[in-house]
Amino acid sequence: MIKKARVNQLKSFFKKPHNVILVVLVVVLGYLTLIPLITIVVDTFTVHSSEVRAIKLPMGSFTLYHWNKIFASGMTSQKTFYEPFVNTMVVAFLSCVLAILIGGLFAWMVTRTNIRAKSFISTVFMFPYIMPSWTLAMAWLNFFKNSRVGGAPGFFTALTGLETANWFAYGLFPIVMVQGIHYAPFAYILIGGILQNMDANLEEAAMLLHANRLTIMKKVTLPIVRPALLSTFLLVFSSTMSAFAVPAFLGSPVRYQVLTTQMYRTLNGMNPGYGYIIALVMIVIGVAILMLNQWVTGRRKSYVTITGKSSNISLVNLRKARTPLTVLLVVILLMVAILPLVSFAIESFIMAPGDYSLANFTTEFWVGQGSPEIANSEPGILRNPSIWLGLTNSLKLSLIVSAFAGTIGLLSGYAVAKKRGSKLSTIVNNLTFFPYLIPSMAFGAIFLSMFAVRRGFIPALYGSFWLLVIVGTVKYLPFATRSSVNAMLQLSGEIEEAGTIMGVGWIKRMTRIIFPIQRSTFISGYLLPFISCMRELSLFILLVTPSTRILTTLLFQYNEKGWNQYANAINLMIVVIVVGFNLLINKLTGASIDKGIGSN
Amino acid sequence: MKKLLVPLMILLLLPINLFATGSKEAPQAPAAVVEEEISHDELVRRAKEEGKVVVYATSSRIAKAATGFTNLYGIQVESSNLKDFELIEKVSKEARAGAAGPDFVLAQDVGRLVGELIEPGYLYNYVPPVYRDVIPESMQNPLQAFAINKVFIYNDEGVSESPYYNIWQFADPKYKSLLQFKNPFQEGVNANFLTMITSDKWAAKIADAYKSYYGKEIKLTTPNAGYEWIKAIYSNDLIVGTSDTTIAENVGVKGQNAKRELPPVGLFVYSKARYATSKNLALKPAMDMEPFAGFYYSLYLLMATNAKNPNAAKLFIEYLFTAEGFEPWGVDCGTYSANPNNPIQEDIDFPFAVWEPLLVGEEGDFTFENRAEVEEFLNQYIY
């Protein structure tokens, strides 16, 4: 009898779609995230092929060499780990604060006030996020580089005659500025989404009780956006912590180093074991943040902000400040979002660096045949077959990844929210987030060794396009899941229940009720993976083969070689494609990456 | 329910070997490839039968050479341009996994090539029979395709004579924040160079150079004069770059010398000297430096043990030593074919025989043996 009851229990458990989703996700994600983790741990204790002579043990044998060197070897540990560690924490924290301040301010202005030019601000604000982060770093150097590195002076020095200080041009300050600006749109999307959908009745109720603006902000608005703030903090902190290219470009002239630059050199150099320990440390920090987040959000009930009732947003009237504030925001935007693009465009037409006379302009880097005297006979990007291949691959990859990550994220968000509080749901919620905490570079390296051979029913995937798809999907799932969970938590259960009572099937409930209500949030769950994929580098760099090369790997190669004209041209191309795609989606569905904040 | 889940998962996953971590690194040396002597015509016939060849290269010009090769023989080439460490990582991982990899490679960073790819048997040396008597024997094992030099180059606008004559200048506080050099952690050959100068031979020369610059014996705080110089130049605020092209531009842009005491100088590939005309820069090598004017490294041609198209690969290797095959590199200065009959850019360059005595060379064994130590040492001063 007990057995039968068990079976029945099980049957009814699996009858609910959200349970099926959760179980499938636990199995698949458990496999795709825990194995990499185990691999990393094993690698920290193993002698690697490049270390055979240094450690004097055969390859593959057990060793404590790396742990000892990283944590307990005086100067070596200090320079390899402790100093970069402190720098990393400082950079990540400050970048986060900056991103949330800028993003939050813009989000509040656009959703909550009657500022002008909302749709312009909203669209353009996304640009820094669309551009690969290191290209912003290149733009920073274009503008503020000083005579320390020599060469042509930056635009700023050229225009004003003032020499920028070293701390301003290189190192901590520009790294924080660039990363803060790069991730501000992220904060904007997450915070703006919540503000947009917030039931204005809550604020109105407070107003009726004669609470002043500050009190309302403190007691009503902030608590409601707090989950979004925390998600943002979490995501941005992890991202900046594992960002490599920005510190590499801006830190190197003054030799400012962070964990990722150390990881890059060790993982790709003679001591991969060090790199894996650093990766592990970064994962541990990420998990700690995740737990902290859960502890904070778990302490109080969530706020249901979308009910069956209609809601209007009452906008703050800026009165006299309306126009000046609009101008201010637009000017800031022009500086951080448009100016870099303009500089890319100009630089892509310049032959000799630093010479902006008309005679020095050339279309060589766009449509040239390629000349051996300039860049090893590389043809201009519009007639360069490898760029066309890269473009096709990038588009294909981003579309497929976004379809997978978006859909899985939507379903997991739904299931997690449905079973909120249950162990299973917590596990899935954490599992979907976990890939985000593994630094991209290490993640790529591990998937390379994992899937180079046949594993059970999974064929050897290395060199195949689908390996890129899997890595991308797993890595970007957190974006989709986060926005989906946020959307679902806002959604009162009564809405779906109404459908259930009417006997509406699950698929129909999903497609006809739930998706349409939170459509813009869900669609952003598709768009974020798309954009991230279009501009991702370190995740894919080890996995691409000649036939699967993508735009960003080409872009980075050009940047590294210093063929900046080609790089600038490709960068412009990426931005144009993503912005165009965003506009297209906007036209077709009314949603966009900024979720149409401000445009409706 | 939760109790059921865990066993269910394990049941699903365990029996199908999904949990193996893939890091079993103990390599099984592949059976040595037995070479069979065949004529050039026979090689061409067999290569055409294969119809295709896959190459990994650390030089992007391979694409140009591939086009020439395809036009000549009608054999398709799949070439990919990788960074030195990516190539090593990829080839060794692919070989260990038995996945399809390249048929041959054109690669740099000799220490790691020897230690990590040739010794485990993933790659092997093949010298085209027709070139056995042409290529100097010292360049045959492992087979070098060509050498590339990186030398001290300064901005010579309005400067008649090189202000730089001794490497110890860059360690002198009078020349602070001056020398530009790409991050050695970004490119293995740069780290190899720093490793080579810690060898007894070069350390002794560097100690002599110290004496001729300062007029007194060097006092060591590190194992030898090579280490001492590395420590000194980085402590003297050497400017770490990210790309040789960028360094060349930063050094060579005109109009700088008027505004500063000392002309900018960098240690970077000589091939950028061509920018002096094509990009209107001022670049000139400081060739009379004591005890060296820079260093050189080579690109090696190596066959993959599990090549799918071995004959096409051999034919391509052979092709790269012909005048036509070398052309993508030969059109520029700073690259010197191992086939001494291939010409150089005589207007601004010198034969390799002129350069070689001025430069620090590379030794595979020594670098593989000692680079980890030098890297660790460098790491204390570079940041």
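The model is predicted: local features require pLDDT of at least 70 and side-chain atom pairs count only at pLDDT 80 or more, whereas totals for chains, interfaces and linings use all residues. Residues are numbered from 1 along each chain as its sequence is written, and chains are lettered from A and ligands numbered from 1 in the order in which they are written.

Chain A contains 28 helices and 0 strands; helices (H or I, at least four residues) and strands (E, at least two) are DSSP runs numbered from the N terminus. The radius of gyration of chain A is 25 Å, close to the 25 Å that the globule rule gives for 600 residues, so chain A is as compact as a globular protein of that length. This radius is taken over C-alpha atoms, and the globule rule is 2.2 Å times the number of residues to the power 0.38. Taken along the principal axes, the box filled by the C-alpha atoms of chain A is roughly 75 × 70 × 50 Å. Of its 600 residues, 55% count as buried. A residue is buried if 20 or more other C-beta atoms lie within 10 Å of its own, exposed if 12 or fewer, and partly exposed in between, with C-beta atoms placed from the backbone. Among contacts in chain A with a separation of 6 or more, 75% are between residues 24 or more positions apart; two residues are in contact if their C-beta atoms, placed from the backbone, lie within 7 Å.

Chain B has 14 helices and 12 strands. The C-alpha trace of chain B spans about 70 × 65 × 40 Å along its principal axes, and 53% of its 383 residues count as buried. For chain B, 79% of the contacts between residues at least 6 apart in sequence join residues at least 24 apart.

Two packed helices are described by the angle between their axes and the distance between the axes. In chain A, helix H2 (residues 17-44) packs against helix H21 (residues 423-437) at an angle of about 35°, with the axes 9 Å apart. Axes are lines fitted to C-alpha atoms, for helices over the stretch in contact, and angles run from 0 to 180 degrees between N-to-C directions. The crossing of H2(A) and H21(A) is left-handed, a term used if the near helix is turned anticlockwise from the far one by less than a right angle, with right-handed used if clockwise. Residues of H2(A) in this contact include Leu22(A), Leu25(A) and Val26(A), and those of H21(A) include Leu424(A), Ile427(A) and Phe434(A). By class, the contact of H2(A) with H21(A) has 10 nonpolar, 4 polar and no charged residues. Here Ala, Val, Leu, Ile, Met, Phe, Trp, Tyr, Cys and Pro count as nonpolar, Asp, Glu, Lys and Arg as charged, and the others, Gly among them, as polar.

Helix H21(A) also meets helix H20 (residues 385-418) of chain A, where the axes come within 9 Å and cross at roughly 145°. This crossing of H20(A) and H21(A) is left-handed. Ser412(A), Ala415(A) and Val416(A) of H20(A) make the contact with Ser425(A), Val428(A), Asn429(A) and Thr432(A) of H21(A). These residues divide into 3 nonpolar, 4 polar and no charged.

In chain B, strand E6 (residues 179-182) is covered on both faces: Leu179(B) and Phe181(B) are buried on one side, as are Gln180(B) and Lys182(B) on the other. E6(B) pairs in the parallel sense with strand E8 (residues 265-269) of chain B over 3 bridges, where pairing requires at least two bridges found by DSSP. Within E8(B), Leu267(B) stands opposite Phe181(B). E6(B) also runs parallel to strand E7 (residues 239-241) of chain B, joined by 3 bridges, and Gly241(B) in E7(B) is the bridge partner of Lys182(B). In helix H6 (residues 188-196) of chain B, 9 of 9 residues are buried.

Most residues other than glycine have a negative phi, and most peptide bonds are trans. A cis peptide bond joins Asn141(B) and Pro142(B), with omega about -5°. Another cis bond runs from Glu290(B) to Pro291(B), with omega near -5°. Asp109(B), not a glycine, has a positive phi of about 75° and is buried, with 30 other C-beta atoms within 10 Å. Arg255(A) has a positive phi near 55° and is partly exposed, with 18 other C-beta atoms within 10 Å.
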